[in-house]
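Open the model in your viewer and keep the selection panel handy.

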Amino acid sequence: MSSTISDPASDGVVRAADGTPLKQRLNRALRREKLRSFLLILPLLAFIVLSFIMPIADMLFRSVENQIVEETIPLTVVALKEWDPASGEAPGEEVFAAFHADFVQAFKDKKHTRLGLRLNYDEPGMSGLFRKTGRPSTKMQPPYKEAFIKVDEDWGTVETWAVIKQASPAYTDGYFLNAVDAHRTAKGIEMVPENERIYLFLFGRTMFLSIVITMSCLLLGYPIAFLLASLPLRSSNMLMILVLLPFWTSLLVRTSAWKVLLQQQGVVNDFLVWIGLVNDADRLIMINNQFGTIVAMTHILLPFMILPLFSVMKTISPNYVRAAKSLGANDWTAFWKVYFPQSIPGIGAGAILVFILSIGYYITPELVGGTSGIFISNRIAYHISTSLNWGLAAALGTILLALVMLLFYVYDKIVGIDNVKLG
Amino acid sequence: MSALPPYASKAQITWHYTFRAICGLIFFFLIFPIIVIMPLSFNAENFFTFTPKMLALDPEGYSLKHYQDFFTNPDWQQALWNSVSIAPVATIVATCLGTLAAIGLSQSHVPFKSAIMAILISPMIVPLIISAAGMYFFYSRIGLQGTYWGVVLAHAALGTPFVIITVTATLVGFDRSLIRASASMGANPVTTFFKVQMPLILPGVISGALFAFITSFDEVVVVLFLGSASQKTLPWQMFTGLREQISPTILAVATLLVGISILLLTTLELLRRRSERLRGLSPG
């Protein structure tokens, strides 16, 4: 093949103008092109890694990180290695001496309350114990064991020291255990008492409400997408505005609209009283509960169901339904056996998208959910800003992230990540 | 479905109109909450419902006092100013970086293309509360938490996936031989980019920028954690307003924001039409 192309060299290699083999030149050009495209991507890649990926990695790290104990009371951690809680006796004087040295230092650095707070996550009461011991610790004389027990009898118990020993390693699975309502006791991993279990319940409720919201979106979105796909372009474009306007309207505007509408003195209740469906005395409570969350979030997420459904239905040729009808199918059979199966990819795409968006929702449940409509994300926010238990917040976040990633993997398999369309 | 055939049976006619009525109700559900806040924002009383005077269309039942409150209250003005100073900067950062990366990604031989794409799109996928948590932890380590630039960088990161998606979509219709043509006539790559490629992909860049802008302008979860009181944006102020002392001023703000959304939507629609016309997809 190469011999037919004008080729001065007789070795059968195609050469470029300067005499280097053409293959080599092409490879070089390809490499240069690769490099150039990579250089174009690099700034954004670096930016996203710095401003987004590293924070997420930091969160994953925080869910297992536990250096505070080792940093605050290093001597005690070493001394406690010898001690075995199974012996049934509190540690000896050398541990107390080490602890005294650590504690006085921690008190000077004002770190002892932070450590107490950290240990309080494992065993309620530790925070108070640490705070109480703060000032007296500076005046202690040996033997330290008695001195500590004099401040609080809890220092003499096996449980207190077992908690400290258990919290000593630099990495812990304690936050993850807490996040699934379990904790580590002397006997191993156990579930917390029935009445204290909240996280599994909250995860369950988040899933349940997300499924309900996804279902209602599908129920309301399917007819709309069907109508839009079957109308002529001009009228469907007009009606599309009714879908896109809510899509483009600020989330807080829509949430506040629902808050205003669903109030007890709000427009919907006023209307129901006016037409006589509801007594003025017992107006319906539609906000600050699950009902309010479901209604508001269905409204907010509905466009995310309609748009993918519409783009799939747009591609279904009307000829199939016509053919089915000409073969004797009635309207329902033609729809159910011919049209509906072809729209299933759209249902899958829309449903997963709505579900992914709703399990991570924070603002709307926070504002209209009351106590019965809150999601797991509200609990994460609570731990970040109110209880300051960042480790637990990170563990809950990691579990939620894993769930979303799993769903997104499914979404990628069905729709493809590159096929995300906007507007 | 679109038109009833003349031979339709009675049942078919009934269903046809029932279906339309159902769709009408769903459209009503979609649009009613947004429409209803507009007249309510002109309420002369501090109520969130229609007063008898309003229903009787009595001019005394209406007033601009909530708008007046918005434009004079220092809290709201500060929030408006913060929003206006954060969103455009975040948009510029997101659009510049996003457009460059989209051009890079659209070339044919990019190593690890799908992995890079997954990383770049990730801010859109990860639930906001998780992004907010991670950014809060990380940015407080490096001292960006509670600063203006911390919020801007976070918002820019959240906005880039939209720029990438819209610009990539426009680049699909871009004829690469135009670049070669320009180069063969002696233009350097920079001139080619600004004189040939940029004008053609501009609709995608602008709509990406609008998406990035609205992402930042509407964003509340991340700014709630990352910002300090001096970065309080409009959505944040609305959020606290809704949670604590709900005041009808919120409805006035909401109405103004709906106005902005309509403006954005119109711009986007015009851009989409222009881009379709340029690509010859529709007769125009």
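Select B:Arg141 and A:Asp58 first: in this predicted model, the two form a salt bridge, with their closest N and O atoms 2.8 Å apart. The term stands for a side-chain nitrogen of Lys or Arg within 4 Å of a carboxyl oxygen of Asp or Glu. As background, side chains of opposite charge can pair when their charged atoms come close.

Now colour the helices (DSSP runs of H or I, at least four residues, numbered from the N terminus). A:Asp58 lies in helix α1 of chain A, and B:Arg141 in helix α6 (residues 128-141) of chain B, so the pair crosses between chains. How many salt bridges are there between chain A and chain B? The count is 2, while over all chains it comes to 9.

Next, show polar contacts across the interface of chain A and chain B. There are 9 residue pairs in polar contact, both residues at pLDDT 80 or more. The rule asks for a pair of N or O atoms within 3.5 Å; within protein, one must be able to donate a hydrogen and the other to accept it, and residues adjacent in sequence count only if both atoms are side-chain atoms. Keep helix α1 (residues 22-62) of chain A selected, since with 23 residues it gives the largest share of the side of chain A that touches chain B. That side divides into 63 nonpolar, 17 polar and 10 charged residues. Here Ala, Val, Leu, Ile, Met, Phe, Trp, Tyr, Cys and Pro count as nonpolar, Asp, Glu, Lys and Arg as charged, and the others, Gly among them, as polar.

In chain A, 90 residues are in contact (heavy atoms within 4.5 Å) with 90 residues of chain B. About 8,000 Å² is buried between the two chains, and carbon and sulfur atoms give 83% of that area. Buried area is the accessible area (1.4 Å probe) that two parts lose on being put together, summed over both.

Finally, colour by pLDDT, the predictor's confidence in each residue from 0 to 100. Chain A averages 86, and 96% of its residues score at least 70. Within chain A, confidence is lowest in strand β1 (residues 182-185), at a mean of 78, and highest in helix α10 (residues 199-230), at 94; strands are DSSP runs of E, at least two residues.

For your selections, residues are numbered from 1 along each chain as its sequence is written, and chains are lettered from A and ligands numbered from 1 in the order in which they are written. Local features need pLDDT of at least 70 and side-chain atom pairs 80 or more, totals for chains, interfaces and linings use all residues, and side-chain values use heavy atoms, leaving out hydrogens and water.
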